[in-house]
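Here is a short briefing to read alongside the model.

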Amino acid sequence: MNDFALEIAATAARLVVEEGLAFGPAKHRALKELGLPSRTALPTNDVVEAEVRDYIAVFCADTQPGELLAFRELAKVWMQRLTEFRPHLGGAVWQGWATRLCDVDLALFCDDPKSAEIALINQNQRYEAQTVRGLHGADVEVLSVHSFCEALNEDVGVHLRIYDLDDLRGALLPDAQGRSPRGDLPALERLLAA
């Protein structure tokens, strides 16, 4: 890997932690901040994630573990509420590098995609619906709610990606590092107990 890629990754990591940007936008903004051409090769997400973990270890070691615990506890509440939809936690909260500016990302695997929306309505939850790119590059509906996190004393975004039940098997394939990209409620409870 060249020096430019490492510098982009380090700058992107700072933007992810300090401003809550997603990896893609953080890498592109890092290019601009560093004054590099837009055609410059970008580092992989794995490289950026490693830099994020390093940044947290240096600048957020005193606060991040508590923030991560608060996010995981909030995720557990939502997974228990939506247990019938086979919820799986993913993203920064699952991977362990979530900071105060992150959100909770849950994947729901439903027999009927509208059933999760109906469940939110029945629970008197206000939500916003949007379509984003999901597993295997296909568009999926995301239901986003604001949930008060007592431990952080603020609202946290909880994003529910709605998948077909058949998508569950492919959703658990390990990544290039052998890690599961998401975990179910028992897996989250094991993380919380550790």
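**Helix packing and the main pocket**

The axes of α1 and α3 come within 8 Å and cross at roughly 60°. That makes α1 oblique to α3, a label for angles that are not under 35 degrees (roughly parallel), over 145 (roughly antiparallel) or 65 to 115 (roughly perpendicular). This is a predicted model, in which local features need pLDDT of at least 70 and side-chain atom pairs count only at pLDDT 80 or more, while totals for chains, interfaces and linings use all residues. Residues are numbered from 1 along each chain as its sequence is written, and side-chain values use heavy atoms, with hydrogens and water left out.

**α1 with α3**
- On the α1 side, the contact (heavy atoms within 4.5 Å) includes Leu6, Ala9, Ala10 and Val17.
- From α3 come Val47, Val48, Glu51, Val52, Tyr55 and Ile56.
- By class, this contact of α1 with α3 has 12 nonpolar, no polar and three charged residues (Ala, Val, Leu, Ile, Met, Phe, Trp, Tyr, Cys and Pro count as nonpolar, Asp, Glu, Lys and Arg as charged, and the others, Gly among them, as polar).

**α1 with α2**
- Helix α1 (residues 3-19) and helix α2 (residues 23-34) have axes that come within 8 Å and cross at roughly 120°.
- That makes α1 oblique to α2.
- The crossing of these two helices, α1 and α2, is right-handed.
- Among the contact residues are Glu7, Ile8 and Thr11 of α1, along with Phe23, Ala26 and Lys27 of α2.
- The contact of α1 with α2 has nine nonpolar, one polar and six charged residues.

**The largest pocket**
- About 1100 Å³ of space lies in the largest pocket (on a 1 Å grid, an open set of points where a 1.4 Å probe fits, with protein on both sides within 12 Å along at least five of seven lines; lining residues have an atom within 4 Å of a point).
- Of the 34 lining residues, Gly90, Gly91, Ala92, Asp105 and Arg161 are the closest to its centre.
- Elements that each supply at least two residues of the lining include α3 (45-59), β2 (104-110) and β5 (154-164).
- The lining has 16 nonpolar, nine polar and nine charged residues.

Note on methods: Grid points are joined across faces, edges and corners, and a volume is the space filled by probe spheres set on the points. Helices (H or I, at least four residues) and strands (E, at least two) are DSSP runs, numbered from the N terminus. Axes are lines fitted to C-alpha atoms, for helices over the stretch in contact, and angles run from 0 to 180 degrees between N-to-C directions. A crossing is left-handed if the near helix is turned anticlockwise from the far one by less than a right angle, and right-handed if clockwise.
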